[in-house]
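Here is a short briefing on side-chain contacts. Keep the sequence and the 3D view open while reading.

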Amino acid sequence: MKYLMKVVNALIAAAIFPVAIFLNFIFVQIGTTESAMSIFQMFGAEATGVGIEESLSLYNFYQIYKGDHYLSDLLKNSSGPFMWPQALEPLNGRLIAFAVFFVICILIALFILIWSICSDKRLPVIIAAAGGILSAAIMTACFNSAANMLTSGTIPLFSLFEQGLITDLLSGLVGVDTLMLGGFHSGFFIIFIGIILWTGAFMLVDLGEEK
């Protein structure tokens, strides 16, 4: 039974890697603002408010970088290397914290994977998984806080691009309606909660055993 517990714990912990890489990382909706919708309605056109929506995984970002994704040409910077938009500097702290806790979640899962292979002790697994849940919660809160500054219009969408006539015209007409984590973080929570429930079940079974 102990062998079964260790194998399942290791498999659940290992699942965090495909979850992080292949599940949707972010979900974004870009649409017309209320000002633009009013203009459309003046001309009798129907405006839904959402123009583009996209879900991207970390693997999709790698494809974009390699030029193997349909967004590669759109996001390619022909004028030089990619530069972090100055308009996003107010988000740097939140995004760095998000990245740090994302890595912590991965490291915790890696620890559980290795510990499950090397040791029969269960309490460290429970503690580590609880730390994973806390880290995933902080990671999600950091991203949501940063995303709120884009969806609320505090940082206009077109302030991220090189200024010109087109961006000036569109800046008040198009904005970010939705920006959220795409679902991988839910996978993180499921993994760590699953490890706690699985390991905890074996601990409860062993409570009545004689030494």
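Is Asp-120 buried, partly exposed or exposed? Asp-120 is partly exposed, with a relative accessible area of 43%. The model is predicted.

**Salt bridge**
- The count comes to one salt bridge.
- Lys-6 and Asp-120 form a salt bridge through their side chains, at 3.2 Å from N to O.
- Lys-6 sits in helix α1 (residues 2-14), and Asp-120 sits in the loop between α6 (92-118) and α7 (123-151), so the pair ties together parts 114 residues apart in sequence.
- Lys-6 counts as buried because its relative accessibility is 17%, under the 20% cut-off.

**Aromatic pairs**
- The count comes to 13 aromatic pairs.
- One of them joins Phe-25 and Phe-102 edge-to-face, 5.9 Å centre to centre with 80° between the planes.
- Phe-25 belongs to strand β1 (residues 24-32) and Phe-102 to helix α6, so this pair ties together parts 77 residues apart in sequence.
- Both Phe-25 and Phe-102 are buried.
- Trp-198 and Phe-202 also pair edge-to-face, with 5.1 Å between centres and 65° between planes.
- Helix α9 (residues 184-206) holds both Trp-198 and Phe-202, four residues apart, about one turn of the helix.
- Trp-198 is partly exposed at 28% relative accessible area, whereas Phe-202 counts as buried at 9% relative accessibility.

**Aromatic cluster**
- Ring pairs link Phe-25, Phe-61, Phe-98, Phe-102, Phe-143, Phe-184 and Phe-188 into a cluster.

How values were computed:
Residues are numbered from 1 along each chain as its sequence is written. This is a predicted model: local features need pLDDT of at least 70, side-chain atom pairs count only at pLDDT 80 or more; totals for chains, interfaces and linings use all residues. Side-chain values use heavy atoms; hydrogens and water are left out. A salt bridge is a side-chain nitrogen of Lys or Arg within 4 Å of a carboxyl oxygen of Asp or Glu. Helices (H or I, at least four residues) and strands (E, at least two) are DSSP runs, numbered from the N terminus. Buried means under 20% relative accessible area, exposed over 50%, partly exposed in between (1.4 Å probe, protein chains only). Rings of Phe, Tyr and Trp (its six-membered ring) pair if their centres lie within 6.5 Å; planes under 30 degrees apart count as stacked, over 60 as edge-to-face and the rest as tilted.
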